[in-house]
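Trainee: I would like to go through the labels on this model and see what each one rests on.

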Amino acid sequence: METYQSIFVGLQTILGDPLSILYLVLGTFGGMIFGAIPGLTGALGVTLMLPFTFSMSASRGLAMLIGIYVGGVSGGLVASVMLNIPGNAAAICTCFDGAPMARKGQPYRALSYGISASFIGGIFSAVCLIIMAPALADVGLMFGTWEYFALGVMGMSVVVKLCSDDMIKGLMGAVLGMCLAMVGQDPLSNLPRFTFGNYMLATGLSSLPTMMGLFAVAELLAQVNGLRDKMTQLKTEEHQSVIPKRGAFKGLWKTVLTSCAIGTGIGIMPGVGQNTAALIAYNQARATSKRAEEFGTGCPEGIVAPEAANNAVCGGALIPMMTLGIPGDMITAVLMAGLIVQGVTPGPLLFTHNIEIVGSIYVSYILACVFMYLLYIVFIRGFIKVLSLPMNYLYPVIMVMCIIGAYTTNNRIFDIWVLLVMGAAGYFLNKLGISFAPIVLGYVLGPTMERNFRTAIMAFKGDVSSVFTRPIAMALLLVAVLMLAGGPLLKGLRKLAGKEKTA
């Protein structure tokens, strides 16, 4: 009953406010452009626009950010098909079959498969979001300090394991993110930490300049060598609609639905992200296909699988953010920051204290998927032309927006320095092969883990063994241990078994 009520309230909030609809459409359109241009991402778009939502109501700000989120993830397929260059990491697998189909003179057919699969994946995950989120919120009400600490540890372990080729570098990134979050006053004792005598650091590193530095400035520095490059679009005589023809998805529904389930499930896992979901879905489709030999030559299954999966991640990633206060991916970490700025705390109580926010998220996400599909139908040729713009026209504008966004956070020059320093640090970390996902999740989850751990220790008078009396916490910690130690342990056992056979 509460689910229906939240949807009804969300419909009243969004549909009853023309500005919310306008911001949602503009956000979706802008996100699609960001996703379509190689080097720009939905995460960058959400981060850049976050400061502009501070003066909006919570529902309007969320509508815009969710629109950018959905549009940014789906936009990557345009560059993947037309240029064989992934617009974002989530669209890498789309290049494998989308570009070959376009080279055969069927670019709009490839785009049709990708856009339709993106829409289906988004709606599938929206249904899962509406069904699963309230149930998971009820479970979240059972959580205490030890459970939240264990959940944070499990989330970090999943990110370190799945988002980093090198586990040591993943752990380094997670620890670095936690250290960045510790800058400022201790939340329990109010003593300064890592301030080095600088009073400007007493309030900590603001999340917006920190994230914009890691995402935007670091990416600009990484792409600076190609500023004068001009994207060349694929030559084609074909002028068709991206609306799929009747029977186009015949024989593809099993692949589409399986990929939707994979994407939604991976989205629920904190911090894993769209690129992992797309890769797993693509490999699954190829392994189970009756025409696996056609993959890589323009196979429709190779297009619909990654696109359905990476868009289904969006709805799945919103589930842990809303119900447990744990961001499902890097973009939902920024969305979570936007909620907190609006005075709304994500977590189980969101479903009882802020039902209009829950309903707004439901409705905004579904409408963003619908608008994404409709905008592609109308503006697909325009998106393709955008790819021909030189990067040296776009990047200076982005840099100015970053600086303005950093300054308006607290109206102080110091945050601009934070932006630039974090951008330079992010550039060098990227060169060292340290993934941003563990850093961002460490930065976001670090304070939650620390606060709950220390509160639990104080509540149980220093008795760490009290965690063994909490079954849920122990189960979550066990999953974390298996994620981190399971792989090396199995490898060691295999080596030991191999030596025994040769002995």
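Trainee: Why is Cys299 called buried?

Mentor: Its relative accessible area is 1%. Buried means under 20%, exposed over 50% and partly exposed in between, with a 1.4 Å probe and protein chains only, so Cys299 counts as buried. This is a predicted model, where local features need pLDDT of at least 70, side-chain atom pairs count only at pLDDT 80 or more, and totals for chains, interfaces and linings use all residues. Residues are numbered from 1 along each chain as its sequence is written, and side-chain values use heavy atoms, with hydrogens and water left out.

Trainee: How do you know that Cys369 is in no disulfide?

Mentor: A disulfide is a pair of cysteine sulfur atoms within 2.5 Å. For Cys369 the nearest cysteine sulfur belongs to Cys314 and is 7.3 Å away, so by that cut-off there is no bond. The count by this rule is 0 disulfides.

Trainee: Is Cys369 buried or exposed?

Mentor: Buried, because its relative accessible area is 1%.

Trainee: What makes Phe196 count as exposed?

Mentor: Its relative accessibility is 76%, and the label applies because the cut-off is over 50%. Phe196 lies in the loop between strand 2 (192–193) and helix 9 (207–223). Helices are DSSP runs of H or I with at least four residues, strands runs of E with at least two, numbered from the N terminus. The phi of Phe196 is near 55°, a positive value in a residue other than glycine.

Trainee: Why is Lys461 called exposed?

Mentor: Because its relative accessible area is 78%. Lys461 sits in the loop between helix 18 (436–459) and helix 19 (471–502), with phi near 55°.
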